[in-house]
Structure formats: C-alpha cells, structure tokens
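Please look over the sequence and the model shown here before reading on. The report that follows is meant for someone meeting this structure for the first time.

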Amino acid sequence: MLIKKPAMGWNTWNTFGMNINEQLIKETADFMVNEGYLAAGYDTLVIDDNWQESERVNGRIVADKERFPNGIKPVADYVHSKGLKFGLYSAVGVRTCCNKPGSFGYEYVDAQDFADWGVDYLKYDLCHFPGCGDRKSAYLTMAMALKATGRDIEYSCAICGESNPEQWMRSVGAHNYRMTGDITDSFGSIKHIAERRMDIPDFTAPGCYADMDMLVVGMNGVGYAAKGGCTPEEYFTHFALWSFYSSPLMIGCDIRKITPECKEILFNKDLIAINQDEECRAPYRERQSRYATIIKDKFTLAKHLSDNRIAFGFFNFSDKPVTQTSYMPDFGLPSNATKKLRFKNIRTGETTTVKDAIIVNLEPHACAVFIAEFVD
Ligand code: GLA
C-alpha cells in the first residue's frame, strides 16, 4: 500500500494518557468533523495505549470492559460513519508501555482482529521487548500479518529511534517510524526532538516518513504529556518544524477545548502544504554560513517544493532575540544568478525580492516562514 503523504489526525495519548473511553472517542470524532479538522486534512483518529483489558481472553486482546463496554468495532464503525479513518495501538513486545498485552508472538491473530474491527492505522510501539528477540524481524512480522489480512492498514512504528530505524523501517513495510523518545508539552522537548531529527541522515520519502511524535500544539500545559506548556509562538515554531520535516501531524491536545489561536496554527494552510508536499524532500539546513558567524541555536531551513518554489524557515532556538542574515549563495543563488527570489511571509503576506541576502529578526523561540519563487 502506498501512503502518499505524512499521516494527519488526532491521537489520545498526549492529553488523555490512560484515561480514555468510548465517549471521548465519539465526541472527538464529532469535533473533528464539525470543527473542520477533517476538511483541513486531519482524517485519522487514533486510540493509543490502554484500550485493552490486562490479559488476553482465549488468546485474544479484548477491549477494557468499563471504558469500551461495546468493544472496539462499534467505536470504529462510529468513527467511519463520520468519514474518518480509525487507528488503534498495540506493541511489538510482550506487553505494551501501559503493561497491557503486546502482540509479540500473536501478530497474525491480532492483525486479523484489528482488520475485522475496521482498523485503518496501527500504531505499533516498542515496550517490554524480549531480550532474545530481534526488533527488525518483529516489526517485519506485524507488517506481513497486516498484509495477510488483505485490509489496507497504515503501519506506524513507534520505535522511538532505537536500532537506527531510518536504515531499515522502509524495507520492513513501515509507513512511518518514530525517531525519538516521547514528546512533552515544553519548548525544551520540541527543541530536543528537532535537533535529533536534524542530525539523522534523511531517508524520508513518499511511502515511509520519519515521525517526530505527536503534536503538543494547543495542550497549553494540560494533560498527560504536559510539562509547563508553550507559548503560541513556540507552538507555531513546533508546527513549522514538523512541517518542514514532513513528519506525521497527529494532534495531541483536547480539541474540544482548544484556543482559537492554537486552532489557527493547526489549520495553517501554508504549513500543511509544506508538510504534505508530494515530493517530500527533507529541508536543506544552513547554520554555518560562509559569510555569517556561526551561532548555535539559529538556523535556516530551505525545503524544495514540488512546484519549483522553495519554503524557507528561519528559526531561533535561543532565549534571546536574534537578527538572522541568510546569504543566498548558501542556498544555490550565487551573485551571478540570472534570477532573484521573491519571498512571501506566510503570516504577514509581505513580499520582498531577494538577491544577495535576507535579514530576519526573530524573537526567542520564534520562526519566520516564507515561500520563495523565482522572478526576473
Ligand atoms: C510510548 C509511546 C507513546 C505512547 C505510550 C503509550 O511511550 O512512545 O507515544 O504510545 O507508549 O503507553
């Protein structure tokens, strides 16, 4: 199955952690449709860990009787009735991270149950993995088990950067794979994940995407992964980074309570278009200009888009305001180039024609994003 764009949707974990139930899922499905999330591209609703009973029953994973009294299928049916895709969680180990039954050794049984319930997206985590096991082979086994069901199921491998997944996840059938540990709702965590991502050789391409973890935009310090929260500017920087790196965009906040400001970030059409660009190129990063002084914590990303335009992002990770000068020869536009670039700021709409350099002022933890196109 070819997955042409990074996944977009909503996942229970960041805000609700273990505290999930059928009503929450149905209400969120309603919100995703009624509040325009589906129309904006967020088409998948994923139930993360802790939907299961503590032990298998007759060899099968079963839904928690109190929180999902009708089982998973009716919930999936409800989600489908809204025009959304339905995602569920399991783990490659013997137990999940919430200590529920994992799928190790039961892959074909579980995959068939998931397919029968109507699962369209499987998040497959790494916890309690047996020391004697081989992760690559275990992820491959579930990929094969999913294929054997005959149902199209997007395969999301939350391996948290273990065992250099970028080198083999595509070959074992993953559609996305986590590069890092769990995100928290803090700028430190966003920065850490982005820095780690930038240091990893890039194999992201259509069909299989490196995943920087679920979004924290809109959590505002509330929920399971809350750790102080972020400012709207920091959430914008977070969303821009995930967009430049074509990471899946899985919302993690309670969309029933989101602020208009944060919703606007999640609905930013330009950033979504950068994220979903069909060529899916990693951005080119410049932080050691031939001309500029090397300053840690500020850098420029240039991502080639499939229509010959280039998305530029100027980022300030530092705690102080900076003035950032990016010299165009560093981005393939030498002084004897026969064309210039016209930069359009996606937030202000202002345009500026650039020949030699662009200067951008950035507040702490802020970024500025431009779409550039060639002009005479
Ligand atoms: C791991 C994953 C998280 C979440 C939890 C659930 O920590 O990385 O995204 O799925 O497990 O237990």
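Which residues form one aromatic cluster? Tyr284, Phe312, Phe314, Phe331, Phe343 and Phe370 form it.

## Basis of the report

This is a predicted model, in which local features need pLDDT of at least 70 and side-chain atom pairs count only at pLDDT 80 or more, while totals for chains, interfaces and linings use all residues. Residues are numbered from 1 along each chain as its sequence is written, and side-chain values use heavy atoms, with hydrogens and water left out.

The predictor's confidence in each residue is given as pLDDT, from 0 to 100; its mean over the protein chain is 95, and 97% of the residues reach 70 or more. Helices (H or I, at least four residues) and strands (E, at least two) are DSSP runs, numbered from the N terminus. Among the elements of the protein chain, the lowest mean pLDDT, 88, belongs to strand S9 (residues 284-286), and the highest, 99, to strand S2 (residues 44-46).

## The open sheet

Eight strands make up an open sheet with parallel pairing, in the order S7-S6-S5-S4-S3-S2-S1-S8; two strands count as paired if DSSP finds at least two bridges between them. Strand S7 (209-211) and strand S8 (249-251) are the edge strands, each pairing on one side only. On average, neighbouring strands of this sheet are turned by 25° against each other, direction ignored.

Within the sheet, strand S1 (residues 8-11) pairs with S2 in the parallel sense over three bridges, and Gly9 has Thr44 in S2 as its bridge partner. Helix H4 (residues 73-81) lies across S2 and strand S3 (85-91), running at about 145° to S3; axes are lines fitted to C-alpha atoms, for helices over the stretch in contact (heavy atoms within 4.5 Å), and angles run from 0 to 180 degrees between N-to-C directions.

## Aromatic rings and charges

Rings of Phe, Tyr and Trp (its six-membered ring) pair if their centres lie within 6.5 Å, and planes under 30 degrees apart count as stacked, over 60 as edge-to-face and the rest as tilted. By this rule the count comes to 21 aromatic pairs. The rings of Phe299 and Phe317 have centres 5.0 Å apart and planes at 85°, so this pair is edge-to-face. Because Phe299 lies in strand S10 (residues 298-304) and Phe317 in the loop between S11 and S12, the pair ties together parts that are 18 residues apart in sequence. Both Phe299 and Phe317 are buried, where buried means under 20% relative accessible area, exposed over 50%, and partly exposed in between (1.4 Å probe, protein chains only).

A charge sits over a ring if NZ of Lys or CZ of Arg is within 6 Å of the ring centre and within 35 degrees of the ring normal. The charged end of Lys26 is placed in this way over the ring of Tyr78, 5.3 Å from its centre, and Arg56 lies over the face of Tyr106, at 3.5 Å from the ring centre.

## Residues in loops

Most residues other than glycine have a negative phi. Asn50, in the loop between S2 and H4, has a positive phi near 85° and is buried, with a relative accessible area of 5%. Asn308, in the loop between S10 and S11, also has a positive phi, of about 75°, but Asn308 is exposed, with a relative accessible area of 64%.

Pro321 is found in the loop between strand S11 (310-316) and strand S12 (322-327), and is exposed, with a relative accessible area of 56%. Not counting residues up to four places away in sequence, Pro321 touches Asn316, Leu362, Glu363 and Pro364. Pro321 and Asn361 are 40 residues apart in sequence, and their C-alpha atoms are 7.4 Å apart in space.
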